[in-house]
Structures are given as structure tokens and as C-alpha cells.
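Subject: Structure for you to look at

Hello,

Here is the structure I said I would pass on. My notes on it follow below.

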Amino acid sequence: MNPTRTFDLNNEIFLNDDTLITSKTDLQGRITYGNQDFVRFSGFSEKEFLHKPHNLIRHPLMPRCAFKLLWDIIKQKQEFFAFVINLSKSAKTYWVFANITPSFDENGKVIGYYSVRRRPSKEGVETLKGIYQKLLEIEKEKGMEAGVQFVLDFLKQHQISWDELMINLQNKGKVGGYR
């Protein structure tokens with residue numbers, strides 16, 4: 001993310017129910033494709049985002065440990081779900097419910113990643129705001145690995161997988177004692 005880009009949480013844009021932000025990346029996370037919704041919400045032109053790291057739209061309020069979990073999962077050839085807060089080129093904040101999957105060649109080798117983002121549930125966003133804030137505090141005080149451990153302990157305590165947590169938050173907006 002461009003460190004000079006500031007943001008205002010009151011300057012938020014919202015996805016429509018029919019919005020599907022789609023992008024593809026190579027194995028290093030560089031953008032190889034973005035659809036028109038990606039252009040619209042990111043505020044970047046295709047020329048500006050192609051072959052750039054996908055973290056071009058990373059919001060500073062998004063915990064790093066969430067991306068560590070993402071990479072750990074998709075490198076195992078599994079899909080990953082998450083609520084993500086993004087930052088547009090014009091410093092507008094927008095939340096998405098993301099599904100990231102590996103792309104395979106004809107021999108089953110991973111050749112990149114495909115992501116589809118849609119409108120997140122309001123309840124899920126509200127729940128995740130608190131969890132992400134806690135993770136940011138942990139990361140600041142103890143580092144990213146401590147944030148990852150917090151998430152793993154949380155999942156174990158609630159006897160739920162990461163994907164189950166995210167899908168429950170998208171569908172019901174709550175889990176355990178968080179709301």
C-alpha cells in the first residue's frame with residue numbers, strides 16, 4: 001500500500017448486491033487481471049494495477065496475520081474465505097467478502113490465484129471490526145505470529161475452522177461471544 005495515501009473511515013463506499021469484484025494474481029500475488037468492478041471500486045486503471053502486488057489496495061486496518069493465514073491455506077491448494085477491508089486509490093474504504101482459490105494447469109499444478117469478492121454482511125463486518133482491531137493490537141505489541149496464534153486459539157476454543165467462521169459471519173453475522 002502507498003504509505004502516503006491517507007484514509008477516513010467515514011469515506012466508505014458500499015458494494016451492491018450484484019457486485020462481483022474479480023481479480024487474478026500470479027504465484028507472487030501480482031495482479032494479472034481485474035474486472036470492471038475491480039476497476040470501479042479500487043479506483044485504479046488496468047494500466048495502474050496490472051503486474052502490481054495485490055496489496056496495492058490493502059487497508060492499514062487489515063491485520064497482516066489474516067494474509068499470512070490466506071497464503072498458508074491457498075499454498076495447500078485450498079480455497080480461502082475472508083472479510084477484507086480495502087482502500088481505493090482515492091482513499092475510500094470498502095469491505096468485501098472474499099473467496100480466493102488456486103488456479104490449476106492441466107497437470108494440477110497451481111499457476112495463480114483467482115479471487116471473487118462480493119458484498120459482505122453488515123453484521124459480519126461489525127463483528128470482524130472488533131476482532132481485527134484486537135489482532136492489530138496483538139500484532140503491534142507482540143508481532144504477526146502472535147496474531148496468528150490468537151486466531152488459531154480462537155478457532156480451537158469455538159471448535160470451528162476459519163472458513164466456517166467466515167461463512168457463518170457472512171450468513172448469520174455472529175459467532176461465539178463476538179457480535
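Which element supplies the largest share of the lining of the largest pocket? It is H3, with five residues. This is a predicted model, in which local features need pLDDT of at least 70 and side-chain atom pairs count only at pLDDT 80 or more, while totals for chains, interfaces and linings use all residues. Residues are numbered from 1 along each chain as its sequence is written, and side-chain values use heavy atoms, with hydrogens and water left out.

Helix H3 covers 64-74; helices are DSSP runs of H or I with at least four residues, strands are runs of E with at least two, and both are numbered from the N terminus.

On H3 and H5: the axes of H3 and helix H5 (residues 144-157) come within 8 Å and cross at roughly 70 degrees. Axes are lines fitted to C-alpha atoms, for helices over the stretch in contact, and angles run from 0 to 180 degrees between N-to-C directions. H3 is therefore roughly perpendicular to H5 (65 to 115 degrees). On the H3 side the contact (heavy atoms within 4.5 Å) is made by Arg-64, Cys-65, Lys-68 and Leu-69. The H5 residues include Met-144, Glu-145 and Val-148.

On Thr-22: this residue lies in strand E1 (residues 21-25). Thr-22 is buried, at a relative accessible area of 8% (buried means under 20%, with a 1.4 Å probe and protein chains only). Beyond its neighbours within four places in sequence, Thr-22 has contacts that include Tyr-33, Phe-38, Tyr-114 and Arg-117.

Regards

How values were computed:
Parallel < 35°, antiparallel > 145°, perpendicular 65-115°, else oblique. Buried < 20%, exposed > 50% of the residue type's maximum accessible area, 1.4 Å probe, protein only.
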